[in-house]
Amino acid sequence: MLDQVHRRLLRDGQPVVLGDRAFDLLRALGAAEGRAVTAAELTAQVWPGLTVSAGNLRVQVRALRRALGDDAIENVPGVGYRLALPLTAPGVPDPSPVDLLVGREAEMEGLGGMLSRSRLVTIVGPGGVGKTSLARAATAALPEIRTVHVELAPVRQPGLVPVVTAAALSMKFVGGDLLGAIRTNLSTEPTLLVLDNAEHVLDEVAEFADGLLGACPYVRLLLTSREPLGLAGELLLHLCPLACPPEDETDPDVVRAAPAVRLVLRNHARAGWPPPGDADMPALARLCRHLDGLPLGLVLLAALLRDCPVDEVVQALEGRFQDLPLPDDVGYRHGSLTRMLDWSVETLSPPERLLLCRLAVFSGAWPVEAAAAVCGAAPLRRDEVPGLVAGLVSRSLVVGPGQRREPGLRLLDTIRQYALALEPGLIDRDRLRPRVIDWLQVETRRVLVAKGHVRNADERLRLDVADIRSMLAWALAGADIVKGQELAITACRLWNYVGPMNDMVQHVVRAWALCDDQTPPHIRATLGLLIHGEGLPLRLPFHAHRETYARTELPWAVAALRAPDVPPFFCIDGLLSAGYIRWYTGDAAACLELWAEGVDYSGQREMYSDQVRLLSLAGWLRAETGDPEGARQEFTKAQSIAEQQGLFRKLPMLRLAEAEFSAGNRDAAIEMVRLALTLSEPTMPILQQTLHANLSSYLLLNGQVEEALVQAQAALIITRRVQYSFAYSWTLERGALLALRLGRPDLARPLAALGDRMVRADTRKRGGAERALHAMLMAELEPFAAADDAVDWTVEQALAALASFYAEHPSSLSSMT
């Protein structure tokens, strides 16, 4: 008995051990029902899409003979092989169409409501998204009404839509009025007529459907198509790809619960394979995101997982994944993703096809303005691009918010890879990437100017960081180094909003390494200042060389920033970092002078958010150096400008709280941060992390341990999510003191040791709460100094141990929520 659902062979009810390829070979021979099958046919079925030698087939034949007996497989001279044993299949009922759906509960409910309100409903979506599966499930859920399924995919000539409809109705017709006969048939009883895959004969289907709706009052039409009919009263269900796990999600249970992953695991299990383990879930989530949650791609992914571990399937995705054939038993009419996309592209006009290929330059989402700016070059005109984009959206080749649950337009990555292969070299030939970089520069600066104002709280990015990543990788690989260096500097601030920080820093460090005698001075100066100062919120090896940099290059770098025509963001960020370098090398007065210069510069250019940031920093530093009156004056200026310009208040409140703490006013500092955390302002992750972390330190130093733990856990969650390495050392020392206070010296000792090593290695200065907390930690660790401390953690291991400790404590944020 050959059980294909669970991929096993039973003899007298007992399983016969077979390898994967031997099972596939037996299935192919069994399907021939006793006839001989050629070696070429068997090879194509057992190793689909691969080229193997004839010896591979002979090895699997020998394996079958060992398992079943030498007489089980016969050689047929001049032909191939024949199965000489009788096989039966177990009586397993086919699952219903509804059972086969995954993650479509809302769509099923919505479609049912539409069919009750309208006689014409169209399921619209890209190829492979599961329109046919949803339509079949919907009809199966309506047993009380006659349903007729008309498959239009084979129709290639005009005039055949009524013919295939009559065939689906099982009509016996002789005569000339076929349309009249169909209408008569559909008038006899209520009928749901499903016209499946209508996009390539849309005009004919529209005329046919319009006639039926007018002549047959009891008929309802359900269509599946990549674009709507456009008839009056038509209701559209835009079918989206399945939802994937978020990019930063690593919890195996959360990953498994995502609909896209559920579909892969369901198909994998139906084939009888053991489920992937917890360690495979992050890689599987990445694969599902790479395929945009497109069900057709996910089915192919499930088939690949039969032969390859999850981490090895990535290699297939980097090649011509679209060309790999789908298994015969998955029930999809497209043999591969490429064949499915050929079906969509063959009806495009030459301008639409050219635009589709040009849009593949974008790795992420984009607005229509970006498409026009980047792709609107001859032979296309910029003003015709929006109309062409609308045509691609209507054909489901470009997906919008309605199809992807996110803002912006984009090509699904499966379609993008197909478009790149459709016209190889077109993107380089048309010089599209430099145009993308120009657009990213303009849009990034626009967003950064707008973000500081309360009135722009809902301001959205119209660019996708995936495009910044891809353009930086292209430019800094040698294609256009100066453009890449400029984009790396501009995008630094943007990463404060989107994270993770390590993702950006690698590009900035690469841009600095590429500086030479031909690099424009202001670019070299800004990059050097960013990585040696605090322009990047991460701990970097360059910080150990601040003294040398301050002596040899800092004066030149500041002078380069003062040259005419230096972009304002470069100058402000450079002055801020230069001040930090002076502070870390022991010259607080020089630091304050540089920040004061930045305050004047940003005020002259009406960059008020930067002006408030620099004033708040100056107030913090004056408080640190024992000048409370000067600190109050700086904060007063910052608050006045923030109120006048309608700026967000959390940053100056954070700095003011730090100043209050330095002045010994712990209760005032606590209340100030608590108030800041209650403000309903959109906040950069780093700022939110610092608020939680500082409040935790203030509370801990004030003896309020339980509340301090809750705030420390909130800070740690953000720290790990955005990889905020600037905060790692303080996070570990704060966690060590909490562990001591809560009776865990065994955890406190290695945390404190690692945190202290990081501070010394980074030539850090402890200030304010960090300095007081470190002193308290060292004093309370003294009784345990002689204890064995053999734990040698990496930073990530230490953070993970700390996260587990917080989560298990009764007063933790997780237990409270």
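The legends below describe close-up views of a predicted model. Residues are numbered from 1 along each chain as its sequence is written, and side-chain values use heavy atoms, with hydrogens and water left out. Because the model is predicted, local features need pLDDT of at least 70 and side-chain atom pairs count only at pLDDT 80 or more, while totals for chains, interfaces and linings use all residues.

**View 1. Helices α26 and α28 pack at an angle of about 125 degrees.**
Helix α26 (residues 521-532) and helix α28 (residues 554-561) have axes 8 Å apart; helices are DSSP runs of H or I with at least four residues, strands are runs of E with at least two, and both are numbered from the N terminus. Axes are lines fitted to C-alpha atoms, for helices over the stretch in contact, and angles run from 0 to 180 degrees between N-to-C directions. The two helices are therefore oblique to each other, a class left over once angles under 35 degrees (roughly parallel), over 145 (roughly antiparallel) and 65 to 115 (roughly perpendicular) are set aside. In contact, meaning heavy atoms within 4.5 Å, α26 residues including Pro521, Arg524 and Leu529 meet α28 residues including Leu554, Trp556 and Leu561.

**View 2. Five strands form an open sheet with parallel pairing.**
The strand order is β8-β9-β10-β7-β11, where two strands pair if DSSP finds at least two bridges between them. At the edges, β8 (146-151) and β11 (235-238) each pair on one side only, and the twist averages 20 degrees from one strand to the next.

**View 3. Strands β7 and β10 pair in the parallel sense over five bridges.**
Threonine 122 has leucine 223 in β10 as its bridge partner. Helix α9 (residues 202-215) lies across β7, β9 (191-196) and β10, and runs at about 165 degrees to β10.
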